[in-house]
4 protein chains.
Amino acid sequence: MTGPIGRKRWAIAEGYIPGWSHGPEPEMTSHEAVCILNAGDQDAHVEITTYFEDHEPVGPYRVTVPARRTRHVRLNDLVDPEPIPKGIPYASLVQADVPIVVQHTRLDSRQADNALLTTIAFAADQ
Amino acid sequence: MTGPIGRKRWAIAEGYIPGWSHGPEPEMTSHEAVCILNAGDQDAHVEITTYFEDHEPVGPYRVTVPARRTRHVRLNDLVDPEPIPKGIPYASLVQADVPIVVQHTRLDSRQADNALLTTIAFAADQ
Amino acid sequence: MTGPIGRKRWAIAEGYIPGWSHGPEPEMTSHEAVCILNAGDQDAHVEITTYFEDHEPVGPYRVTVPARRTRHVRLNDLVDPEPIPKGIPYASLVQADVPIVVQHTRLDSRQADNALLTTIAFAADQ
Amino acid sequence: MTGPIGRKRWAIAEGYIPGWSHGPEPEMTSHEAVCILNAGDQDAHVEITTYFEDHEPVGPYRVTVPARRTRHVRLNDLVDPEPIPKGIPYASLVQADVPIVVQHTRLDSRQADNALLTTIAFAADQ
């Protein structure tokens, strides 16, 4: 029970950054997050690639999650190599050099009261 | 870490297209989506079969997800062989000829503010 | 790709039937559902056992899901051996004699606008 | 079909206790829960460790789930070794000495109507 927990490759088939928001920023801003847990003792170098319906994938977006840390990456905030457009469907592949755990969450505040969704991402057998 | 990610057979036991909506179309229209990621280098030929409580399955609905693309299929929009009735329980089986990743999402806007749910579908072992 | 999809034992650690509702019945009644897909060619004889915080398990509740059918069991509606109390935490074990797929969903309409949650249940390795 | 169901190590990459609430207590208080099912015949001694973005992990928080019982642990209520701060991202590792099933749920009532999310946690292969 002492090895690192997780996998090195994860997929999120759902992706959609709502086009508008309702309520105080930044808590209630509509957003999508890739929540990453690195419970191991080595830093995780993570690459996120985004897939779309009508053009080639974009990325990788590079994120480091230090050893024994979590990082909740707001996909809205990624800018390099380019921002993810709002209001269109996309999907994500998350790859790391050490085992991590990935969970996908959206807060949608387009209407007066917010809605939430989450799921553990799909872990590749690797 | 270069092989395609996913499985060829997926199941979604929950299905329910809300009977009405509230808010601007098409963003806030109540809907269910099967979100498919094909991160591989071959096109995925996908077949969706729907299961009901009181009659034989319907389908397959055929969808192609090109290589390195995602497709968010709104189940409300499927018409061939026949539309999925609103307001009744159903379930779905999703099969492809190459590995894909499948996620199920619903936006329910029957009341003034929308609700959301999602989950990665169940992946068959093979 | 022709074998039945699923597992014979599933667990749902979350369970809570909201104590009140808001909106038209039966669509907007607060409820929890165990959504079962039996995509195989044999009827599934399903047993649901409920677990609580302060007393022994209750059940089994028996449900049959015919071959090639789904059934969305509203846990609120179960009465034999006894109704599940509202407003307290519980959990469920779902067992069948053939492979099935199990998904857990709640509609919570205690406040003016409904909230939703869902997840594919945990599948035992069996 | 008689062995205990579950795994001994689980991870939840998403964690966030909303900073405020709306509606009657305690039902509508914003909270996060780790829902644990111990369907086996031995008590489960559970340790929850929390991970953060900017400092070392905290814990373990110790919880006992007796044999054939469930326990829905409100993370807001944990105080030993220290309360989990509200309004910041965290993640959790859940370990036990016998197989358990772990599900993560949040009720967010920061706005007038509550939102919900849930997912089965990630189960280590162990």
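Which side chain does E14(A) meet in a salt bridge? Select E14(A) and R106(A) and show their side chains: the two meet in a salt bridge, at 2.5 Å from N to O. Now look at where each partner sits. E14(A) is in the loop between β1 (7–12) and β2 (31–38) of chain A, while R106(A) belongs to strand β6 of chain A, so this pair links distant parts of the chain, 92 residues apart. Keep in mind as you click around that this is a predicted model. Side chains of opposite charge can pair when their charged atoms come close. A search of the whole structure turns up 24 salt bridges over all chains.

To find your bearings, P81(A) is in the loop between β5 (69–74) and β6 (90–108) of chain A. Then hop over to chain C and pick D80(C) and P81(C), where you'll find a cis peptide bond with omega of about 15 degrees. P81(C) sits in the loop between β5 (69–74) and β6 (90–108) of chain C.

Back in chain A, click on R68(A). Its phi is positive, about 55 degrees, although the residue is not a glycine. You'll see R68(A) in the loop between β4 (58–65) and β5 of chain A.

**Stop three: where chain D meets chain A**

Colour these two chains separately. How many residues does each bring to the contact? Chain D gives 41 and chain A gives 37. The size of an interface is often given as the accessible area lost when the parts come together. Between chain D and chain A, about 2900 Å² is buried, and carbon and sulfur atoms give 59% of that. There are 2 salt bridges between chain D and chain A.

**Stop four: where chain C meets chain D**

Next, show chain C beside chain D. Here 40 residues of chain C touch 36 residues of chain D. The buried area is about 2900 Å², with 59% from carbon and sulfur atoms. Chain C and chain D have 2 salt bridges between them. Select E56(C) and R69(D) to see a salt bridge of 3.1 Å, N to O.

**Stop five: turning one chain onto another**

Now do it with chain D and chain A: a rotation of 90 degrees with 0.0 Å of shift along its axis superposes them, at an RMSD of 0.0 Å.

**Last stop: the empty spaces**

Rolling a probe the size of a water molecule over the atoms shows where empty space is left. The largest pocket holds about 710 Å³ of space. Select F122(A), A123(A), F122(B), F122(C) and F122(D), which are the closest to its centre among the 29 residues of the lining. That lining is made up of 17 nonpolar, 4 polar and 8 charged residues.

The structure also has 2 cavities of 30 Å³ or more. To see the second largest cavity, with its roughly stated volume of about 30 Å³, select some of its lining residues, including L117(A), T118(B), L116(C) and L116(D). Strand β7 (115–120) of chain A, of chain B, of chain C and of chain D each supplies at least two residues of this lining. What classes of residue make up the lining of the second largest cavity? There are 7 nonpolar, 4 polar and no charged residues.

How values were computed. Residues are numbered from 1 along each chain as its sequence is written. Chains are lettered from A and ligands numbered from 1 in the order in which they are written. This is a predicted model: local features need pLDDT of at least 70, side-chain atom pairs count only at pLDDT 80 or more; totals for chains, interfaces and linings use all residues. Side-chain values use heavy atoms; hydrogens and water are left out. On a 1 Å grid over the protein atoms alone, a cavity is a set of points where a 1.4 Å probe fits but cannot get out, and a pocket is an open set with protein on both sides within 12 Å along at least five of seven lines; lining residues have an atom within 4 Å of a point. Grid points are joined across faces, edges and corners, and a volume is the space filled by probe spheres set on the points. Ala, Val, Leu, Ile, Met, Phe, Trp, Tyr, Cys and Pro count as nonpolar, Asp, Glu, Lys and Arg as charged, and the others, Gly among them, as polar. Helices (H or I, at least four residues) and strands (E, at least two) are DSSP runs, numbered from the N terminus. Contact means heavy atoms within 4.5 Å. Buried area is the accessible area (1.4 Å probe) that two parts lose on being put together, summed over both. A salt bridge is a side-chain nitrogen of Lys or Arg within 4 Å of a carboxyl oxygen of Asp or Glu. Copies are superposed by least squares on the C-alpha atoms of residues with pLDDT of at least 70 in both.
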